[in-house]
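Colleague: I am new to this structure. Could you walk me through how to read it, feature by feature?

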Amino acid sequence: AMTEELEGILSRLAQPDGALVHQATAELKQAFRDPAVIPSLCSVMINSSDPQVRTQPFNISTRCSTCVYVCVGVWLRAHVTLSLLYLRHSVQHSLSQLSAALVKRESPERWPTLFLLLNESTRSTDPQERQVGLLLLSKVVESNPEPFKPHYCQLLQLFSSVLEELGDPSCLYYSILTVTAITAYTGTEEMNLMRALIPKLIVALKHLIKCDQDQASEAMEVFDELIESEVSILVPYISEIVYFCLEVCAEEIVTALSCISVLIRLKSKAVLKHKLLSPILQTVFPVLSTAPPPGQEDPEDRAQDEDDDEDDDNGSENPKHLAAQVIDSLALHFVLLYFTACLTSENPYERKAGLMCLAVLAEGCADHIRNKMLSSMLQTVCRSVSDNSEVVRSAALFALGQFSEHLQPQISKYSAELMPLLLGYLSGLNHSKTGHVTKAFYALENFLENLGEDIQPYLPTLMDNMLTALNHSENLKIKELAVSAIGAIANAGKELLVPYFPPVIESLKGFLTDTRDEVRSLQTQALDTLSVLARTVGHDVFGPLAAECVQLGLNLTDAVDDPDLRRCTYSLFSAVSSISPDCLHPHLPAVTTIMVLALKSTEGVTQFLLMDDDDDDEKEGGECDSVLEENSENEGEDRDIVGFSVENAYIDEKEDACDALGEIAFNTGVAFLPYLESSFQQVYELRDFPHEGVRRAAFTALGYFCRAQHKVWKENPTEDNYQALQKLLSVVLSSFLEAVRQDRERHVVMAVLESMNSVLKSCEGEALRDPERLLAISQVILDVLKKKTACQDGTGADEGDDEDEQQAEYDAMLQEFAGEGIPLLAAAVPAETFSPHLRELLPLIVSKAKACCTVSDRSFSVGTLGETLQALTRVQGGRQLAGELSEQLMPVLVTGAKDCDAEVRSNSVFALGALAEAAGPAIVQYPVILGLFSSLLSKEEDPRAVDNLCAALCRMIVSSPGSVPLDQVFPVLLSHLPLKEDLEENKTVFGCLAFLYSHNPALVLSGTWEAARGDRYGNKTQNATVLLLRSLSKHHSQEFEGAVMSLPEEQRSALTAVAIQL
């Protein structure tokens, strides 16, 4: 009776009717109070004639509580060995999965009959029995591979035998799945057996493809696992594997293309050694250039793209997309010339394929293209923009977008050719073909982002096109693209966009007050662009609208439940706080409440908690009072959460909420204090969040909170504010140090180091008031430089060639972030306090300046030394410490000043100037440095290096004018002014000129005008320059007026404007 009743409940549970499912769930809860439910459940699983009903007990059993699971396990151990071999295949499959779930929860050693069954069935001469045994083996090993490790050698010997028997594809399939499961756990003792298995795997997969392509595609993942875990095993057979994958490409099994791509990335040298480049290209390129079936189009060529979500989701399974990935992997080996013929082909899809190849190569071959091929490739792509085939034009626009993204800054020099082309193309587009229009806007936006002030000549035409699209197009996608492009224009032109601001803002406000669901994507883009405008057009223009924009954002969050829309409002609020924080003060309660709720929310993260496992709920008779629950809010330690799903929009919302809260806290200062604690608590809890983007944003926000509290204390230095600052610093800096050492994601650690540096820069000595903090931070920097952190622990001997390069690049970036903390520490405490820590760090920094090190390492080394020495000039005891270190550092910096790389030379002369300034002429050999600088100035061609040489000379002059032969040095200095690239050093140069003028006016008057010709006046004019000009205009008015008239008109107007204010 119980079995029949249970079968009825399970039947209703499988229906699509929500009411029936709800009723069945309640009945099932009640049924689980009866101990007899377990054998009945298992009986239904085996004997029911309804396939859906048979799977329901399995689904429930694998998600049940420990109490119920024990009961199921007892029954399973007693019956599976007797019944498994004689059941229909679907039930065998379900029982195998249930057995796997049991093995996952407890050691298989507790189930000796399972080992007996596996041993007998997998070696049986009965094909059916052997197949079932291998099925069961694959499921239980896949669920928990590690406990089977003592049996790996025995299993590999078994598979070696099974893979030779090609007549049973199911046995081949289950065997390969088991090999895939154990690969990551194998060690040196299994290495030879694994290596010997590779040829047999290839042969078995060839046979499996003929029988079942789906199973073959899944089984081919064994190569992915081997590449990821034990790539060295594959190296002797790399040629055979590549040729097999190329052969499989004809069967349209996309796993093969993926395998080739990864092999090239990890073992590029082996691919070249075996001369596999040509056969790969000969096979892959036809896949990329194949025309679609008659009447169909490739996804990227379709006229409409609003409803292509399914294609986007399956893009990774598209053979053409994977073929492009293979080409992208080959980019590092400069195969550009291979595609010359196809670009002139009569077949439009071959021309398209050639352009797509150039597009993906723009990233991998960026340096090669920029330096040697940019002009010719641009000509080819630009000609293709006018091709008579739309698919070719579309590919050319995509290639232009890729070039604009990855070939900066050189490509911006071609604006005179590209901008008219893009503008002309946009004006003639058919707006009904939004997929094609999207690529045109993609190319335009990427190019505009880096154009800067050079956008000015094209601004009228650009804005006319954009405003026409906003006001007259009926297509919402076109409006969205135009709004996005306006954001890119604003990023480039900044204040130049002010004349167009009124019509733009009116359109955006109209979009943001529209209540229709279909405008949601447009509203999201409008908010993004509004945020860009707030940060670029200036306070005077945007400030009067700031309060209204905040209210628009709040109205949207109240009216629309959309995480994408909310996160864009958060960005808008933070942008407003950066230019008009007072406007945000009245809205802080609402703004912080929304964001804190987003941080707390579990929406989008769905936990499937099917049974409540609570020993306190057990009845006295030992019965299990288990409750069927879903999405429980009570997260007990004993809960058995069997899975969770994440919706990216909600994760993005958390990330953006963290970023916005941090910036708003800093910008609004004391007004944010009432909300700081609640915001801090929620952000602090996210430092261990599974998603790395959220962790990164959380640590960034924590740094902002510290800086906000420090700003409050500086403005109102009470004891309470000071204690609050110290408490916050103690918690946050400890979390930073822990994350740097333990987080395994490099990008997170970089963000933590950057956030910690911003705290040190803002809070200075207050951040190091506790002496233990200085020691702890110094030690964590040392750990990063020694590559001892968790995220740096992954560069094993089996990693691929290109993987090694990528890891080295990430490690270099990590060390740069860590190294930036050294001068910040040096500037925050007396030199005597920091001296022992600096002396421990210096050998590691200096060691990276050796000639055998990479350019990035050498540049990092001398740059860090220079910044640290400059910091010592500002602290007590700095001159003494710099003097003590000068003998150690001088040879390193002199060698660096003669380096073959311009950046290393530039950083080295900066450091030499800082050393001379910090240590003084009594210790540092001024004549030696001056002689070196004279020699360098006579032959240096790099503008930035010349600028740094000038600045270094100025530092030496100001530090000790008596030690510098000014009659010889000053004319040489002036002959290399104005500065060309490193305009930040104008402060140093004009400070030096002002210093000299106060001591020797005649010397300065003879050449100051040349220096002034290059200065950028207005808001960026340095105080020293203004003081100097004031003195010159007052005491030498005739010479001043004559010099002003000799300047170009633009500079004359700027200089006159400054003089009027003096």
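**Reading the model**

Modeller: Take Lys494 to begin: with a relative accessible area of 38%, Lys494 is partly exposed. Keep in mind that this is a predicted model.

Colleague: Which phi value does Lys787 have?

Modeller: Its phi is near 60°, again a positive value in a residue other than glycine. Lys787 sits in the loop between helix H39 (771-785) and H40. Its relative accessibility is 44%, so it counts as partly exposed.

Colleague: And peptide bonds?

Modeller: Most peptide bonds are trans. The bond from Gln408 to Pro409 is cis, with omega near 0°. Pro409 belongs to the loop between helix H23 (390-406) and helix H24 (415-427).

Colleague: What else is found in the loop between H23 and H24?

Modeller: Ser412 is found there.

Colleague: Is Ser412 buried or exposed?

Modeller: The cut-off for buried is under 20% relative accessible area. Ser412 has 13%, so it counts as buried. Its side chain makes a polar contact of 2.6 Å with the side chain of Gln408.

Colleague: Which residues does Ser412 contact beyond its neighbours within four places in sequence?

Modeller: Phe447, Asn450 and Leu451. Take Asn450. It is 38 residues from Ser412 in sequence, but the two C-alpha atoms are 7.0 Å apart in space.

Colleague: Let me try a loop residue. Where is Glu985?

Modeller: Between helix H48 (966-975) and helix H49 (986-999), in the loop. Glu985 is buried, at 7% relative accessible area.

Colleague: Which side chain makes a polar contact with the side chain of Glu985?

Modeller: That of Arg955, at 3.2 Å. Not counting residues up to four places away in sequence, Glu985 also touches others, among them Phe910, Asn948, Ala951 and Leu979.

Colleague: Now a residue inside a helix, please.

Modeller: Gln815 lies in helix H40 (residues 801-819). Gln815 is buried, with 2% relative accessible area. Its side chain has a polar contact of 2.8 Å with the side chain of Lys848.

Colleague: What about Met2?

Modeller: Met2 is found in helix H1 (residues 2-13). Its relative accessible area is 18%, and it is buried. Ala31 is 29 residues away along the chain, with 8.7 Å between the C-alpha atoms.

Colleague: How many residues of H8 are buried?

Modeller: 13 of its 17, so H8 is mostly covered. Look at its N-terminal end too. Asp126 caps it, with a side-chain oxygen 3.0 Å from the backbone nitrogen of Gln128.

Colleague: How do I read two helices together?

Modeller: Ask how they cross, then what meets. The axes of helix H44 (residues 878-897) and helix H46 (residues 926-939) come within 11 Å and cross at roughly 10°. That makes H44 roughly parallel to H46.

Colleague: Which residues of H44 and H46 meet?

Modeller: From H44, Met890, Val894 and Ala897. From H46, Val928, Ile929, Leu932 and Leu936. By class, this contact of H44 with H46 has seven nonpolar residues, no polar and no charged ones. Here is the general idea behind such spacing. An α-helix has 3.6 residues a turn, so residues three or four places apart point the same way.

Colleague: And the whole chain?

Modeller: The secondary structure comes to 54 helices and two strands. The protein has 1062 residues, and 55% of them are buried. Of the contacts between residues at least 6 apart in sequence, 73% join residues at least 24 apart.

Conventions:
Residues are numbered from 1 along each chain as its sequence is written. This is a predicted model: local features need pLDDT of at least 70, side-chain atom pairs count only at pLDDT 80 or more; totals for chains, interfaces and linings use all residues. Side-chain values use heavy atoms; hydrogens and water are left out. Buried means under 20% relative accessible area, exposed over 50%, partly exposed in between (1.4 Å probe, protein chains only). Helices (H or I, at least four residues) and strands (E, at least two) are DSSP runs, numbered from the N terminus. A polar contact is a pair of N or O atoms within 3.5 Å; within protein, one must be able to donate a hydrogen and the other to accept it, and residues adjacent in sequence count only if both atoms are side-chain atoms. Axes are lines fitted to C-alpha atoms, for helices over the stretch in contact, and angles run from 0 to 180 degrees between N-to-C directions. Angles under 35 degrees count as roughly parallel, over 145 as roughly antiparallel, 65 to 115 as roughly perpendicular and the rest as oblique. Contact means heavy atoms within 4.5 Å. Ala, Val, Leu, Ile, Met, Phe, Trp, Tyr, Cys and Pro count as nonpolar, Asp, Glu, Lys and Arg as charged, and the others, Gly among them, as polar.
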